[in-house]
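Reader: I would like to go through this structure label by label. Please set each value against its cut-off.

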Amino acid sequence: MQGAEGDWVGHPMTFAEWLYRYLIGEELAGWDSTAFYPGPVWLEYPPAGPGQPAREAYGPDRGM
């Protein structure tokens with residue numbers, strides 16, 4: 001990751017592990033860079049066609 005002041009930080013892990021750790025709240029993209037939002041993930045699927053309702057789905061709790 002490149003910081004705001006041009007400094008670089010390396011994280012020796014796969015992208016999947018980095019993304020997981022970033023989403024559970026670890027600061028892996030610089031100072032104050034957490035992206036943890038408590039609660040389950042909420043997905044909204046658009047209508048399949050005219051006159052169809054949108055569909056909602058919820059993931060598991062994020063108590064990781």
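Author: Start with ring pairs. Rings of Phe, Tyr and Trp (its six-membered ring) pair if their centres lie within 6.5 Å; planes under 30 degrees apart count as stacked, over 60 as edge-to-face and the rest as tilted. A search of the whole structure finds 1 aromatic pair. Phe15 and Trp18 form that pair, which is stacked.

Reader: Why is the pair of Phe15 and Trp18 called stacked?

Author: The centres of Phe15 and Trp18 are 5.8 Å apart, and the planes make 25 degrees.

Reader: How confident is the predictor in the protein chain?

Author: pLDDT is the predictor's confidence in each residue, from 0 to 100. The protein chain averages 79, and 84% of the residues score at least 70. Among its elements, α1 has the lowest mean pLDDT, 84. Strand β2 (residues 55-58) has the highest, 91. Where pLDDT is low, the predicted coordinates should not be read in detail.

Reader: What makes up the secondary structure of the protein chain?

Author: There are 1 helix and 2 strands. From the N terminus on, the order is α-β-β. Helices (H or I, at least four residues) and strands (E, at least two) are DSSP runs, numbered from the N terminus. Helix α1 covers residues 15-23.

Reader: How are Phe15 and Trp18 placed in helix α1?

Author: Phe15 and Trp18 are 3 residues apart in helix α1, so about one helical turn separates them.

Reader: Why is Trp18 called buried, and why is Phe15 called exposed?

Author: Buried means under 20% relative accessible area, exposed over 50%, partly exposed in between (1.4 Å probe, protein chains only). Trp18 has 14% relative accessibility, so Trp18 counts as buried. Phe15 has 58%, so Phe15 is exposed. Buried residues make up 8% of the 64 residues in the protein chain.

Reader: What makes Arg21 and Glu17 a salt bridge?

Author: A salt bridge is a side-chain nitrogen of Lys or Arg within 4 Å of a carboxyl oxygen of Asp or Glu. Between Arg21 and Glu17, the N to O distance is 3.2 Å. That is within the limit, so the label holds. Arg21 and Glu17 are 4 residues apart in helix α1, so they are separated by about one helical turn.

Reader: Are the residues Arg21, Glu17 and Glu26 buried, exposed or partly exposed?

Author: Arg21 has a relative accessible area of 24%, so Arg21 is partly exposed. Glu17 has 36%, so Glu17 is partly exposed. Glu26 has 30%, so Glu26 is partly exposed.

Reader: What makes the charged end of Arg55 sit over the ring of Tyr45?

Author: A charge sits over a ring if NZ of Lys or CZ of Arg is within 6 Å of the ring centre and within 35 degrees of the ring normal. The charged end of Arg55 is 4.2 Å from the centre of the Tyr45 ring.

Methods:
Residues are numbered from 1 along each chain as its sequence is written. This is a predicted model: local features need pLDDT of at least 70, side-chain atom pairs count only at pLDDT 80 or more; totals for chains, interfaces and linings use all residues. Side-chain values use heavy atoms; hydrogens and water are left out.
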